[in-house]
Amino acid sequence: MVSAAPSRAPAPRIIDGRAIAARLIQTVAAEVHDHAAACGVAPGLAVVLVGEDPASLVYVRRKIAETRRAGMRSIEHRLTAATSEAELLALIDALNGDPGVNGILVQLPLPAHIDAGKVLDAIDPMKDVDGFHPVNVGRLSTGTGGLIPCTPLGCMMLLDTVIDDFRGLNAVVIGKSNIVGKPVALLLLERECTVTVTHILTRGLAGIVRGADILVAAAGSPGLVRGDWVKPGAVVIDVGINRIEAAGGKHRLVGDVAYEEMAHAGAITPVPGGVGPMTIACLLANTARAARNQQDGR
Ligand code: NAD
């Protein structure tokens with residue numbers, strides 16, 4: 001575990017997600033280079049965006065730029081909000097069968113008339129770089145490989161920079177969503193932590209968090225976790241991204257953890273600059289891995 005220096009005022013180690021993500025992207029870019037040399041073509045990631053949701057547009061633009069920066073091919077499909085479920089499923093089918101496409105990402109949320117579950121289930125599990133397909137979810141829960149959702153994978157990589165041995169540590173996860181809370185809990189369990197998953201109806205949340213050696217906060221509730229909830233030396237991963245009003249009518253991003261109250265934590269991720277950059281870096285890593293698996297026929 002990380003411990004605070006005894007001779008001066010405690011200060012948590014800041015887990016620099018930007019720097020760690022940049023290193024991961026460098027590694028992926030080298031792998032992409034080797035893959036292209038061996039196969040004659042770089043891995044390709046198809047990104048499907050349906051509609052004009054402004055936040056989705058920003059995310060997709062960023063994902064495409066980073067894909068290209070890592071030397072991969074970006075294949076974009078921008079569809080109007082009026083696209084039918086059948087049309088989208090037909091596109092997924094075509095991408096599944098296209099050998100030039102190694103990864104498929106459907107940006108969520110989808111318009112209300114489209115069943116997102118049906119669309120995600122239609123993606124070939126080998127190309128499911130978001131790790132949301134039931135086959136990959138099943139593999140994660142049985143610890144038998146598969147593609148792992150990007151944000152939880154990023155959380156584990158950040159934890160790996162400050163924790164050598166996870167065995168027996170108490171890990172508390174706040175949030176039980178399919179994209180963050182549940183998969184991160186499974187990954188921590190796989191490392192033999194004792195994992196407690198909490199949610200909006202959990203009673204005595206503060207007391208549960210006080211027992212955590214590792215805290216992963218993924219609630220979407222600004223400043224939910226207060227300083228006196230966190231025990232000295234604990235490692236805190238703040239997944240939350242909350243846009244709050246700041247002075248002068250501006251906005252700023254904050255996490256689920258009251259960051260300024262965490263001087264006694266052992267290590268902590270900032271928001272922004274913690275988990276966020278890891279999510280895209282892990283998407284690229286998953287795409288490179290999917291391409292490698294497909295090349296190996298796995
Ligand atoms: P979600 O809304 O699907 O799930 C939130 C979970 O938190 C639920 O299980 C809910 O029961 C629980 N919860 C909410 N308020 C709570 C409270 N007061 N006490 C205890 N539990 C509470 O959200 P999500 O998609 O899992 O995302 C969670 C947060 O993580 C959001 O802020 C989101 O923006 C952020 N996020 C960040 C990244 C990233 O790349 N950094 C990626 C995905 C999500």
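Student: Why are H1 and H9 described as roughly parallel to each other?

Tutor: In this predicted model, the axes of helix H1 (residues 17-39) and H9 cross at roughly 20 degrees. Angles under 35 degrees count as roughly parallel, and H1 and H9 are therefore roughly parallel to each other. Their axes come within 9 Å, and H1 passes H9 in a left-handed crossing.

Student: Which residues make the contact of H1 with H9?

Tutor: On the H1 side, the contact includes Gly17, Arg18, Ile20, Ala21, Leu24 and Ile25. On the H9 side, the residues include Pro277, Met278, Ala281, Cys282 and Leu284. By class, the contact has 15 nonpolar, three polar and four charged residues.

Student: What makes H6 and H9 roughly perpendicular to each other?

Tutor: The axes of helix H6 (residues 150-160) and helix H9 (residues 275-295) cross at roughly 110 degrees. The range for roughly perpendicular is 65 to 115 degrees, so H6 and H9 are roughly perpendicular to each other. The two axes come within 8 Å, and H6 passes H9 in a right-handed crossing.

Student: Which residues of H6 and H9 meet?

Tutor: Cys150, Thr151, Leu153, Gly154, Cys155, Met157 and Leu158 in H6 meet Val275, Met278, Thr279, Cys282, Leu283 and Asn286 in H9. These residues divide into nine nonpolar, four polar and no charged.

Student: How do you know whether threonine 287 is buried or exposed?

Tutor: Threonine 287 has a relative accessible area of 0%. Buried means under 20%, so threonine 287 is buried. Threonine 287 lies in helix H9. Leaving out residues up to four places away in sequence, threonine 287 touches Gly44, Leu45, Met72 and Val129.

Student: Why is histidine 251 called partly exposed?

Tutor: The relative accessible area of histidine 251 is 40%. Buried means under 20% and exposed means over 50%, with partly exposed in between; histidine 251 is therefore partly exposed. Histidine 251 belongs to strand E10 (residues 251-254). Apart from residues up to four places away in sequence, histidine 251 touches Arg243, Ile244, Glu245 and Ala246. From histidine 251 to glycine 175 there are 76 residues in sequence and 24 Å in space, C-alpha to C-alpha.

Student: Why does glutamate 192 count as exposed?

Tutor: Glutamate 192 has 51% relative accessibility. Exposed means over 50%, so glutamate 192 counts as exposed. Glutamate 192 is found in the loop between helix H7 (181-190) and strand E6 (194-198).

Student: What is the phi of glutamate 192?

Tutor: Phi of glutamate 192 is near 70 degrees, a positive value in a residue other than glycine.

Student: What makes the peptide bond from leucine 108 to proline 109 cis?

Tutor: The peptide bond from leucine 108 to proline 109 has omega near 0 degrees and is cis. Proline 109 is located in the loop between strand E4 (103-106) and helix H4 (116-122).

Student: Where is proline 272, and which kind of peptide bond joins valine 271 and proline 272?

Tutor: Proline 272 is in the loop between strand E11 (267-268) and H9. Valine 271 and proline 272 are joined by a cis peptide bond, with omega about 0 degrees.

Student: Which domains does the domain assignment give, and what distance separates their centres?

Tutor: The assignment for the protein chain gives domain 1 (40-136) and domain 2 (150-277). The centres of domain 1 and domain 2, taken over C-alpha atoms, are separated by 28 Å.

Technical notes:
Residues numbered from 1 in each chain as written. Predicted model: local features only at pLDDT ≥ 70, side-chain atom pairs only at ≥ 80, totals over all residues. Heavy atoms only, no water. Domains from an automatic or database assignment. Axes fitted to C-alpha atoms, helices over the stretch in contact; angles between N-to-C directions. Helix = DSSP H or I, 4+ residues; strand = E, 2+ residues; numbered from the N terminus. Parallel < 35°, antiparallel > 145°, perpendicular 65-115°, else oblique. Left-handed = near helix turned anticlockwise from the far one by under 90°. Contact = heavy atoms within 4.5 Å. Nonpolar A, V, L, I, M, F, W, Y, C, P; charged D, E, K, R; others polar. Buried < 20%, exposed > 50% of the residue type's maximum accessible area, 1.4 Å probe, protein only.
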